[in-house]
Amino acid sequence: MRLEVRRHIWYAGMMLVLVALHVSVVPLISVGDAIPSLPLIGLVFIALREGATPGMLYAFPAGLMIDLYMGEVVGISALALVVSTFAVGLFFDAEKTARVIRSPRAVALVLLAAAIFGLIYVFAYFQSLSFDLNAILLQHVLASAVYTAVLSTIPVLILARTGSRLKV
């Protein structure tokens, strides 16, 4: 099997596992209303490694699977994941990708993507409700973005430690 095909099969399997973990394990590790987005962490690494378009191609089905499982309005998570993955994909540089993925810049980009994801999700989902905007932004957007960025340090540290020995 060609290396490209094998890599895309690995990405698809990784996203399936991350979505399954997101809907089953993440509610157990939530802190208050802050819920990390495991698929977003994987999508950021795909976008940093492959670019915006491949990242978005994995983001849309992942968002649809999350929406269908959660029973919410279908498409909000997909839209938020696609837009945040596109934003991170703008930072793709084929020559620097190995360095960026193993650096604190990857965590900063996860924080940016999580903030974009949270803002899109909150404004698309809560647009018709009357609510305290500051409380929602602090509880759902900022807290979840920081929690997701903190969790993203784990794969960054693993990649920094293993270096080029980790093959996909």
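## Salt bridges

Glu4 has a relative accessible area of 43% and is therefore partly exposed; buried means under 20% relative accessible area, exposed over 50%, and partly exposed in between (1.4 Å probe, protein chains only). Glu4 forms a salt bridge with Arg2, with 3.9 Å between the closest N and O atoms. A salt bridge here is a side-chain nitrogen of Lys or Arg within 4 Å of a carboxyl oxygen of Asp or Glu. Arg2 is exposed, at 58% relative accessible area. The model is predicted: local features need pLDDT of at least 70, side-chain atom pairs count only at pLDDT 80 or more, and totals for chains, interfaces and linings use all residues. Residues are numbered from 1 along each chain as its sequence is written, and side-chain values use heavy atoms, with hydrogens and water left out.

The count comes to two salt bridges. Arg7 forms a salt bridge with Glu50, where the closest N and O atoms are 3.0 Å apart. This pair links distant parts of the chain, Arg7 being in helix H1 and Glu50 in helix H2, 43 residues apart. Both Arg7 and Glu50 are buried. Helices are DSSP runs (H or I, at least four residues), numbered from the N terminus.

## Helix H3

Helix H3 (residues 52-70) has 19 residues and spans 26 Å from its first C-alpha to its last, close to the expected 27 Å. The expected span is 1.5 Å times one less than the number of residues. Buried in H3 are Ala52, Gly55, Tyr58, Ala59, Ala62, Gly63, Ile66 and Asp67. Down the helix axis these buried residues fall within an arc of 165°, so they line one face of H3; the arc is that of the directions from the helix axis to the C-beta atoms.

The buried residues of H3 pack against helices H1 (3-24), H2 (38-50) and H4 (76-89), with contact meaning heavy atoms within 4.5 Å. The face turned away from the buried side carries the exposed residues Leu57 and Leu68. Gly71 follows H3 and has a positive phi, near 75°.

## Leu109

Leu109 lies in helix H6 (residues 104-125) and counts as buried at 10% relative accessibility. Not counting residues up to four places away in sequence, Leu109 touches Val44, Leu48, Val88, Phe91 and Val100.

## Ile29

Ile29 lies in the loop between H1 and H2. At 34% relative accessibility, Ile29 counts as partly exposed.

Definitions and conventions
Helix = DSSP H or I, 4+ residues; strand = E, 2+ residues; numbered from the N terminus.
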